2 protein chains.
Amino acid sequence: MKNSASEKKPKDTTKPRAHQTSSLKQLAEHLGLNPATVSVVLNDVPGRSIPQATRDRIKAAAKAMNYQPNLLARSLRSRRTLTIGILVPELGDGYHTEVMSGIGDQLIQAGYFYFTAHHRHKRNLIEDYTRMLIGRGAQGLIAIDTLLDHPVSIPVVAVAGHRHIEGITNVLLDHARAAELALGHLYSLGHRMIAFMRGQPFSSDSDDRWKSLVGVAERLGLEIKPELVVSLDRDMTSPELGYPVVQQLLATKKAFTAIVAFNDISAIGAIRALKDFNLRVPEDISVIGFDDIKAAAFTSPRLTTINQPLEEIGRLATQSLLNRIHNTVPPRDEITVEPELVIRESTGPVKS
Amino acid sequence: MKNSASEKKPKDTTKPRAHQTSSLKQLAEHLGLNPATVSVVLNDVPGRSIPQATRDRIKAAAKAMNYQPNLLARSLRSRRTLTIGILVPELGDGYHTEVMSGIGDQLIQAGYFYFTAHHRHKRNLIEDYTRMLIGRGAQGLIAIDTLLDHPVSIPVVAVAGHRHIEGITNVLLDHARAAELALGHLYSLGHRMIAFMRGQPFSSDSDDRWKSLVGVAERLGLEIKPELVVSLDRDMTSPELGYPVVQQLLATKKAFTAIVAFNDISAIGAIRALKDFNLRVPEDISVIGFDDIKAAAFTSPRLTTINQPLEEIGRLATQSLLNRIHNTVPPRDEITVEPELVIRESTGPVKS
DNA sequence: ATCAATCAGGAAAACGATTGCCGAGAAATT
DNA sequence: AATTTCTCGGCAATCGTTTTCCTGATTGAT
């Protein structure tokens, strides 16, 4: 209010209204010190000689005046924004959000915040958002199930990225092992006529998972019949995903005794479709999912599935990204996590 | 274009490596113009006379050099960060993420980005994050299922907030109507002995929903037996939530013919518990959920539930927040959305 | 008593934009 | 021909920090 230059009144700098944040300059002026000094003290910059008395005085005043450093200004100068960007195809999906949950925990703990951008697998959006995130000062990126196609100027960790791009760390599941577990399980239950659901072409796990399954099938001497393979194509995250393809499969009247679903979500849709066709799971058809999302243990029947440690994946990705940002350890370009077979009720022995 | 000050080498200012972003100053220098002018053109500042030729030249160069304005710098000066903060109790939950999905769409469309912070209903975290978000320049806040307790210095819209706080807009469901739909449905199916699941005390919908149910029960002449009321207490977002309380209910051996679950997630848990007790749904016990999350249509049995337009809620909240930020329309302090009864398979007539 | 070393803190230049104001030429008006 | 009005664009301040370099005063050593 009163202007700055005039002198008469003591002014009310002494009465710092709570929840009214003040700037470094104001604080310095109030203390009769230079902003630089105040900054140095408040940041505990090492190698500066400031007597304890002054330090205390500054810190007290900062508290009293409710000084909140302006992060924008700070970041502009110091190049550290404590912010990263997360690229994700879709909000509100089990898989992605569980990973994000792991990421969020870890980041916040490290004092970082994050921007999220969802691109629905649109190439141009992926590009745009990458740029925008960098423009907003993101110091690193975590790309979940997102196909990046060129190197980026800041550290990137891809979750389920499946491309080897210069300088990008990949966190991914041991797909070979996962396929082995899934197919091995069905095989040992006697299943030989197995139907497969392939993921959407734009989902980055699709290909690897499929190749691994093909590999394992071969080793087991299991024939994969093309007419028993259906492909997901819709871009959605509800069980609706798996429903129509199974209907379509059933419509062909080809015999099969088990389905390997692309993930749990689609497995739930698949089961629904089977039931609507008056087939029992697992008595008539076994279904195995993938991911082990939280709901998997509570469906009817409870889902047999391959567990991916989703939150753990998020945490690993984050840790790895932070390491890159801080240059603490030499970056690895691949981090693999192990799947686990979780046997519940949706699979059973083949009818004899 | 050769460089300005030094002379020897041609230097590579002419070879703007793609995906290497350049600053306004560099761009201006390259153009032989003042940064201010470039800024003016790029932002289409009205009331400045710059010939079209120059404008084109600038825009072309900006594209060629892959100029990306530094949002931090811009925001510092202009006080507009195009950023808002979202407070949410938990990541990776159906309800919250569906709302966030609506928010995200709407925000990104408006050129905004957002920080997300999850607080797991911890009071102090809510406070801390609110402050930190403001410190990072958030121009507004959306608080989902989050109990704020004092006014905040920036615009806030609460989703399922249920508190009237000075200046905070609430977006909420018409709970009275929802209760009417849910209870009315069961009542009309002949149910009189109905069990209830109350939400967790820290979930902000809990109280309103409960009060509405009590109100409707009264009007219907339906007695709510205290021993048929169980309360959720765990802070989680998997169906596990509803499982133990229903077990506990069953253990008391009190007779009931229907359960009003707190939400779909807990309804799924409840159904699982009932089935594990050898009760059929809906033949023995009817279960009605709340929210109509995407999976609700695919469970076995498919869930009868009260639909809340979650994405719509997110969109409305966002729109309302942006309006406040831009001061376009006078703020409303409450926005109500209407629920809808979705009858599927988990409810049926009471056995005669 | 002198010189060097330490102490305590100030001055100013960044960081990368935005924005109000101003001025020199060109064009238009009298 | 002299004045006014546009045009086009430059100048410099500013946003709130951080950081590098300095300097004037003390202190300690010889």
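**Entry 1: ground rules**

Helices (H or I, at least four residues) and strands (E, at least two) are DSSP runs, numbered from the N terminus. I am looking at a predicted model, where local features need pLDDT of at least 70, side-chain atom pairs count only at pLDDT 80 or more, and totals for chains, interfaces and linings use all residues. Residues are numbered from 1 along each chain as its sequence is written, while chains are lettered from A and ligands numbered from 1 in the order in which they are written.

**Entry 2: the DNA strands**

I began with DNA strand D and asked which element gives the largest share of the surface near it. I found that H4(A) does, with five residues. For "near" I used a C-beta atom, placed from the backbone, within 6 Å of the molecule or strand. In all, 26 residues surround DNA strand D, and the closest are Leu24(A), Ala36(A), Ser39(A), Ala73(A) and Asn34(B). Two or more residues each come from helix H1 (24-31), H2 and H4 of chain A, and from H2 and H4 of chain B.

I then turned to DNA strand C, which 26 residues surround. Asn34(A), Ser23(B), Leu24(B), Ala36(B) and Ser39(B) are the closest of them. Here H4(B) gives the most, five residues. I sorted the surface near DNA strand C by class and noted twelve nonpolar, nine polar and five charged residues. My classes were: Ala, Val, Leu, Ile, Met, Phe, Trp, Tyr, Cys and Pro as nonpolar, Asp, Glu, Lys and Arg as charged, and the others, Gly among them, as polar. The surface near DNA strand D likewise has twelve nonpolar, nine polar and five charged residues.

**Entry 3: how the two chains meet**

Next I looked up how chain A relates to chain B.

**Entry 4: a sheet in chain B**

I traced an open sheet of six strands in chain B, ordered S7-S6-S8-S9-S10-S12, with mixed pairing. Two strands pair if DSSP finds at least two bridges between them. The edge strands are S7 (229-231) and S12 (340-342) of chain B, each pairing on one side only. From one strand to the next, the twist averages 20°.

Strand S9 (residues 286-291) and strand S10 (residues 304-307) of chain B run parallel and are joined by four bridges. In S10(B), Ile306(B) is the bridge partner of Phe290(B). Helix H7 (residues 175-188) of chain B packs on the sheet, and its direction makes about 165° with that of S9(B). Such angles run from 0 to 180 degrees between N-to-C directions, with axes as lines fitted to C-alpha atoms, for helices over the stretch in contact.

The cut-offs are 20 or more other C-beta atoms within 10 Å for buried, 12 or fewer for exposed, and partly exposed in between, with C-beta atoms placed from the backbone. Beyond neighbours within four places in sequence, Asn263(A) is in contact with Tyr95(A), Gly289(A), Phe290(A) and Asp291(A).

Pro89(A) sits in the loop between strand S1 (83-88) and H5 of chain A. Pro89(A) also counts as buried, with 25 C-beta neighbours inside 10 Å.

Terms used
Contact = placed C-beta atoms within 7 Å.
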